[in-house]
Amino acid sequence: MYYDDLPLWGFIGKVEGGSGSINEEGPKYFLFEHVRFDALYNGNRVIGIRAFSDPNYAVDISEDVEVDVKFSYSLFWNDTSVQFENRMEKYSKASLMPINRKIHWFSLINSAVIIVLLMGLLTLLYMRDLRNDLRKFSSRDVEEEKEVGWKYIYGDVFRYPSETSLFCAILGAGTQFFILICLLFSLVFLGVISPYSHGVLGTSLVMIYNLTSVVAGYTTASFHCQFAENGWERSVLLTGFLYMVPLLVTMSILNIVAVSYGVAAALPLSTIILVLLVYTFVNIPMVALGGVIGYRYRSEFKAPCATKRFPREVPPLAWYRKTGSQMFIGGILPFSAVALELDNMYKSLWGYKIYTLSSILLIMFIILVILVAIMAVGLTYLQLSAEDHKWWWRSVLCGGSTAIFMYGYSVYFYWRSNMSGFMQLSFFFGYNGCMCFAFFLMLGTISFRVSLIFVQYLYHSVKNE
């Protein structure tokens with residue numbers, strides 16, 4: 001539990017007996033009914049707090065019968081000279097213990113090795129294959145041109161994808177989440193907000209999300225208008241619903257579950273009304289404002305090659321070139337680089353540990369973005385080499401597939417944890433699903449943006465016949 005954003009731990013009971021002998025009746029279960037709190041203060045600020053359970057006040061709950069328990073607590077205040085700004089240092093020192101340092105260093109080295117290997121493969125791809133392709137295509141040797149697979153789809157590679165409104169909405173929402181995370185890291189390192197203050201952090205997250213909705217609307221409308229002047233309103237409206245509607249539905253279901261269990265996790269009616277008012281009168285208008293700005297300052301998409309009237313038929317693809325296989329490859333490598341830190345983050349969110357190394361988290365985020373970008377370039381080139389011009393949606397899916405592995409890892413994390421019961425299960429998978437969906441939108445957007453830059457560079461570098 002937390003008090004004034006300070007974590008504290010304590011035993012709620014004990015088990016006696018149960019060694020497995022024949023004459024023994026079985027284990028005895030006792031519930032502590034008194035807790036002592038020792039709090040440290042400096043002025044009017046709480047510096048530290050600890051909880052101790054008194055074994056002299058224990059109730060036997062071994063029998064499967066209803067027991068009336070009267071809980072009590074005592075609180076002792078002690079003065080300290082530690083300043084309020086330094087009260088989290090002991091938790092930071094615990095994170096830098098030798099065993100924890102080894103885990104973080106192993107995670108960073110593992111990520112660095114994966115980046116070096118992928119950069120080497122990408123450099124080899126460029127030096128050996130891509131440069132030869134560009135040289136052949138730039139020459140007038142017809143016989144050599146036949147070997148260049150991606151050359152034949154130059155008239156289709158910039159054909160805008162199907163479901164344009166949904167595609168643009170994903171780009172808008174993904175761009176918003178990327179900027180939101182960058183702003184959060186900036187505010188944390190500038191000292192504006194504290195990563196240990198859960199209330200301030202949550203409030204800042206809501207405020208930044210609503211303010212950056214302008215970016216989502218602008219990105220959606222400006223990208224949509226590069227291909228069509230009509231229908232941008234539908235794309236902008238879809239952007240406002242794409243993430244918030246699933247989030248609100250999930251929160252509503254989980255709140256009903258919490259109310260049915262009668263726990264404090266249930267949101268009061270006033271908070272629910274406030275969330276709906278903020279979404280209706282702040283978030284949606286900000287998205288619409290961004291959409292209007294994007295439409296007013298739209299630009300024309302300048303493709304290096306003219307798009308043909310009729311699309312070219314995609315030849316049969318090998319199994320490793322199909323969408324499912326490329327999603328697996330594009331997701332497993334970035335995920336494997338951040339898996340250890342993801343485990344620490346899950347322990348902080350759902351367990352008893354507190355995550356104090358914001359700098360490590362920033363480094364892993366940068367590594368994740370770099371790996372997704374590298375995989376986007378490599379997989380897009382392989383797809384174009386197979387004369388498959390439908391790379392738009394696939395680049396989004398390959399980049400976002402890392403979030404699918406993150407959600408899959410949450411299943412493994414829940415399985416090996418001590419969590420049980422329908423309420424914990426629904427809260428864990430419900431909120432983890434919302435978090436992974438946000439990462440899917442963000443990483444898919446990054447993958448597409450990098451792929452688009454690569455494709456434009458590729459077809460800018462050849463001589464049009």
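The model is predicted, and I began with its largest nonpolar core, which has 82 residues; Y243, F448 and Y459 touch the most other members. I then listed the elements that give two or more residues to this core: α2 (98–138), α4 (164–189), α5 (198–211), α8 (244–261), α10 (323–350), α11 (358–385), α12 (392–416) and α13. The most comes from α13, which gives 18 residues.

I looked up the contacts of Y243, leaving aside its neighbours within four places in sequence. Y243 is in contact with F177, Y209, C434, M435, F437, A438 and L441. I also noted another core, apart from the one above; it has eight residues, and L6, L8, V46 and I49 are among them.

**F439**

Next I picked out F439, which I found in helix α13, residues 422–460. Is F439 buried or exposed? Its relative accessibility is 17%, and the cut-off for buried is under 20%, so F439 counts as buried.

Which residues does F439 touch, once its neighbours within four places in sequence are left aside? I found contacts with L368, A403, M406 and G444. I also checked F439 against G400: the two are 39 residues apart in sequence, and their C-alpha atoms are 7.1 Å apart in space.

**Sheet**

I turned to the strands and found an open sheet of three, in the order β3-β4-β7, with antiparallel pairing. Strands β3 (13–16) and β7 (58–60) stand at the edges; each has a single partner strand, so one side of each is left without a neighbour in the sheet. From one strand to the next, the twist averages 30 degrees.

I followed the pairing of β4 (residues 28–32) with β7: the two run antiparallel and are joined by three bridges. Which residue of β7 stands opposite F30? I read off D60.

**Whole chain**

Last, I took down the totals. I counted 13 helices and eight strands in the chain. Of its 465 residues, 43% are buried. The chain exposes about 25700 Å², and carbon and sulfur atoms supply 64% of that area.

I also looked up how far apart in sequence the contacting residues lie. Among contacts in the chain with a separation of 6 or more, 79% are between residues 24 or more positions apart. The pair F439 and G400, at 39 residues apart in sequence, was the spacing I had already noted.

Methods:
Residues numbered from 1 in each chain as written. Predicted model: local features only at pLDDT ≥ 70, side-chain atom pairs only at ≥ 80, totals over all residues. Heavy atoms only, no water. Helix = DSSP H or I, 4+ residues; strand = E, 2+ residues; numbered from the N terminus. Buried < 20%, exposed > 50% of the residue type's maximum accessible area, 1.4 Å probe, protein only. Contact = heavy atoms within 4.5 Å. Areas by Shrake-Rupley, 256 points an atom, 1.4 Å probe, with all protein chains shown as cover. Pairing = 2+ DSSP bridges. Axes fitted to C-alpha atoms, helices over the stretch in contact; angles between N-to-C directions. Core = buried A, V, L, I, M, F, W, Y, C linked by side-chain atoms within 4.5 Å.
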